[in-house]
Amino acid sequence: MNESVELNDVQGIIIKGYDKLKAASFLLLEITDIAKSKQWITSLLPSITHAGISTQTIDSAIQLAFTYSGVAKMNIPAEGLTTFPPEFVEGMVTEHRSRMLGDLDDSAPEKWNWGGSDYDFESIHLLLMLYATDDTKLQIVLNEQKSTLASAGIKIKYELDSTKLPNEKEHFGFRDGIAQPVMRGVGHESKHEANLINPGEFLFGYQNEYEKYMFSPTVSPEHDPQNILQADKNNPALKDVGRNGSMLVFRQLEQNVKAFWNMADQAAKEKTAQQDPTTAEYIASKMLGRWPNGSPLTKCPVHPDPAKETFDNFGYAEDDYDGFKCPIGSHIRRANPRDNFLRDSTGDKEKDIEKSMMFMKRFRILRRGRSYGPPLAASMEPKDIINAAEDHKERGLYFLCFNSNIGRQFELIQQTWINNPKFAGLYEDPDPMIGYPGIMGEGATSTFTEQALPVRKQVKGITRFVNVKGGAYFFMPGLKALKYLSSI
Ligand code: HEM
């Protein structure tokens, strides 16, 4: 079934990346006066940017999301609270989840800047996301919001400011924000089929890639006396609080840029000394799966290609089944194995490809991250990053992604693919760039395997370059649901 998405009811950041709104700030808020905070949400409603608004016409955007404690503060009836997804109800910080996500050692929640304690779980209620064309405009929007919050019974607990790095790069120096799934029903059906995903993978109230409706948070009609909400798709006797809303994963990921490039530089020197001349840039690009300018190794295995900086219409099965171009354990190939998810599974390569493409539609996320902290080298070029002195400044990625099933989408990618040393027949190879070697035992280091002929090549002794410094799961409601929550 091809369903049209109700764009005017969906918060804009779920559908659009706001690339033109280069400045962003995230406020984590605590509600201290429920009645006043609800008035504030009601008054904010007309300013919330929905996906029906063209990004060409705006110079700023405002979005609002809730933690579980935040939804509970809205006085949603107890029977409704229990219908929210378990990952959201439990929160990102449970013993089980920390092990599953690799949030251990230096990434343990006790060491987080925010979100890691029971106290934060109870007292972070809202996430206010502010976007603007530049820092000056952002400051105006921030000041406006801060002045209203002061009298709205809402306290700012944490203010997280982002940084826009040159050429769409993240701190390791690679172009980011290229490969994104495209939601059906939002008017972009012309995009390539493998990338077109049913809206239910990201939004409640629509069919997902199993052609089912995700169980959405609901309330009984007597708890919606103003009849604001629509009927639930799975049980029309209930009202759907989730419709047009999505689950937002927010993780502050600190990047040790110097250590990552030192490792690549050292590995290149050792290989060159062993008569296998190579460069740090080549090794690091093999680990990511794209060159720093964004061009994919599967299509440009020898040199970066300026014409393919944002190229994304490719698979691995036909051109690069064995990983000789883009290694099987690289970040992008494990985060989205595309048409090569099933390997030697049905005994028929064509069937494997077809099934892989179908299955992979169930494990996609919409990434909406922003970097924070100053760049190590202003140019963001690998050679300048390698030559820059360590400055010990905090920098990294506010990793944000939307999905409708945190367990099947974000958590599966993080646990089963990124942190899995045995991914796709590898042995001690979690994600070389962002993975957690300690998953293999205390103090363990990992290996990166580059499939090659006549024999594979390896980099050994890889440590952890990305540590978690904060995080929480949020629910970003549709606009009607926001109205409902503020009216209960
Ligand atoms: C500091 C941490 C991270 C960095 C520096 C990073 C960097 C990158 C870069 C440079 C790309 C390629 C450009 C693009 O296609 O947009 C990429 C792709 C991707 N990343 Fe990450 N990433 C990080 C964390 C994560 C995490 C935690 C996940 C999921 C759990 C993730 C999932 C993905 C996915 C799904 C893709 C697209 C793969 C594809 O479809 O080809 N990343 N990342």
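**Entry 1: a loop to start with**

I started at asparagine 167, which is found in the loop between strand 4 and strand 5. For the record, helices (H or I, at least four residues) and strands (E, at least two) are DSSP runs, numbered from the N terminus. Phi of asparagine 167 is near 55°, a positive value in a residue other than glycine.

Ground rules before I go on: this is a predicted model, where local features need pLDDT of at least 70, side-chain atom pairs count only at pLDDT 80 or more, and totals for chains, interfaces and linings use all residues. Residues are numbered from 1 along each chain as its sequence is written, and side-chain values use heavy atoms, with hydrogens and water left out.

Serine 162 sits in the loop between strand 4 (154-161) and strand 5 (182-183). Is serine 162 buried or exposed? I count serine 162 as buried because its relative accessibility is 17%; buried means under 20% relative accessible area, exposed over 50%, and partly exposed in between (1.4 Å probe, protein chains only). I found its side chain 2.8 Å from the backbone oxygen of alanine 24. That is a polar contact, meaning a pair of N or O atoms within 3.5 Å; within protein, one must be able to donate a hydrogen and the other to accept it, and residues adjacent in sequence count only if both atoms are side-chain atoms. Beyond neighbours within four places in sequence, serine 162 is in contact (heavy atoms within 4.5 Å) with Ala23, Ala24, Arg370, Ser371, Tyr372 and Tyr398.

I placed asparagine 75 in the loop between helix 3 (68-73) and helix 4, and it is partly exposed, with a relative accessible area of 43%. Then I noted a cis peptide bond joining leucine 453 and proline 454, with omega about 5°. Proline 454 belongs to the loop between strand 14 (446-450) and strand 15 (457-462).

**Entry 2: the ligand**

Which residues come closest to the ligand? I listed Ile178, His331, Asn336, Arg338 and Arg367 as the closest of the 27 residues that surround it; a residue is near if one of its heavy atoms lies within 4 Å. The shell divides into 16 nonpolar, five polar and six charged residues. In that count Ala, Val, Leu, Ile, Met, Phe, Trp, Tyr, Cys and Pro are nonpolar, Asp, Glu, Lys and Arg are charged, and the others, Gly among them, are polar.

A ligand oxygen is 3.2 Å from an N or O atom in the side chain of aspartate 176, and a ligand oxygen is 3.0 Å from a polar backbone atom of alanine 179. A ligand nitrogen is 3.0 Å from an N or O atom in the side chain of histidine 331. The elements giving two or more residues to the shell are strand 10 (246-255), helix 11 (331-335), strand 13 (396-403) and helix 14 (407-418). Helix 14 gives the most, with four residues.

What is the protein donor of the iron atom of the ligand? I found only His331 (NE2), at 2.1 Å, and histidine 331 lies in helix 11. Donors are N, O and S atoms within 2.8 Å of the metal (3.2 Å for Na, K and Ca); water is not among the atoms, so sites may look incomplete.

**Entry 3: two domains**

I have the chain divided into domain 1 (7-251 + 471-487) and domain 2 (257-365 + 382-392 + 421-468), with bounds from an automatic or database domain assignment. Their C-alpha centres lie 31 Å apart, and 30 residues of domain 1 are in contact with 31 residues of domain 2. The ligand shell draws at least three residues from each of these domains.

**Entry 4: buried spots**

I found serine 356 in helix 12 (residues 349-360), and it counts as buried because its relative accessibility is 0%. A polar atom of its side chain lies 2.8 Å from the backbone nitrogen of leucine 342.

For helix 15 (residues 479-487), I wrote down the buried residues as Leu479, Ala481, Leu482, Tyr484, Leu485 and Ser486. Their cover includes helix 2 (34-44), strand 2 (60-66) and strand 7 (218-219).
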